[in-house]
Amino acid sequence: MPPKRKPVEKSERAKKSKAIVQLVKEALEKDEPHFSVGSKKLFFPSARICLLRPNAKHTPYQAKFIVPKSFNKLDLRDYLYHIYNLRVLNITSTLTPAKFDRSLPMPYRTRFRSPQFKKMTVDLMDPFVWPAETKEFEQELELVEQLKIYGEDKNSAVGSDLLKPTKAFGGIIDQKPRAMNFIPKKLKRQMRNTKRRDVAHYRRLETEKLIEQYVALGH
């Protein structure tokens, strides 16, 4: 078995932390990168990074990004510094669990897992506050949410639920189902048979009229 490492004393860890802080201060004064820059040069990066709105637990000195799953913390730090000249101090990453989704309406759709997303939260040196949401943006979000509810109600409806009005948009899209009078099966069958006999009798009378007209023309 390999020998166990001896624990590092607190004094040595404090010295290393002070040395790192001193190197960062010197790099900031010289306007140089405060970290070891990668040796591989990339002039046209194809990675797509999306800045997200902060959660309630985030401070103005934190920012969250959606990054490709192949990205690591060093890649994001180099990316932000060389493209946006943004210095970040600490980075934490999370991989969201994949959720189950269905491709077709019930009961024919199969279940599959949606792709995972990788998110990274960085600590900024300067604060950044998102601008307030406009009224048009809030209305657009509400429209998207209502359309999502409408699609879920229609795709998951089976049987008698197909006539059920949706709850989206306050229920003003679909017409309310009209009340139908209850007719016993026996009476309904009698009415259907009577209608069938009347239709057959009417067709027979029409045929007799045509025959009489042709006979009259022959004479």
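Let's start at Glu133, a residue that is partly exposed, with a relative accessible area of 35%. Here, buried means under 20% relative accessible area, exposed means over 50%, and partly exposed lies in between, using a 1.4 Å probe and protein chains only. Before going on, note that this is a predicted model, in which local features need pLDDT of at least 70, side-chain atom pairs count only at pLDDT 80 or more, and totals for chains, interfaces and linings use all residues. Residues are numbered from 1 along each chain as its sequence is written, and side-chain values use heavy atoms, leaving out hydrogens and water.

What does Glu133 form with Arg53? The two make a salt bridge, and their closest N and O atoms are 3.7 Å apart. That term stands for a side-chain nitrogen of Lys or Arg within 4 Å of a carboxyl oxygen of Asp or Glu. By this rule the count is one salt bridge. The pair links distant parts of the chain, 80 residues apart: Glu133 sits in the loop between strand 6 (118-124) and helix 3 (135-155), while Arg53 sits in the loop between strand 1 (50-52) and strand 2 (62-67). Arg53 is also partly exposed, at 33% relative accessibility. As a general point, side chains of opposite charge can pair when their charged atoms come close.

Now look at the strands beside those loops. Helices (H or I, at least four residues) and strands (E, at least two) are DSSP runs, numbered from the N terminus. Two strands pair if DSSP finds at least two bridges between them. Strand 1 pairs with strand 2 in the antiparallel sense over three bridges, and Leu52 stands opposite Lys64 in strand 2. Strand 2 also runs antiparallel to strand 6, joined to it by six bridges; there, Lys64 stands opposite Thr121.

Let's step back to the whole chain. How many helices and strands does the chain have? There are four helices and six strands, and from the N terminus on they run α-β-β-α-β-β-β-β-α-α. The chain is more spread out than a compact globule, because its radius of gyration is 37 Å, well over the 17 Å that the globule rule gives for 219 residues. This radius is taken over C-alpha atoms, and the rule is 2.2 Å times the number of residues to the power 0.38. Along its principal axes, the C-alpha trace spans about 125 × 50 × 35 Å. Of the 219 residues, 13% count as buried.
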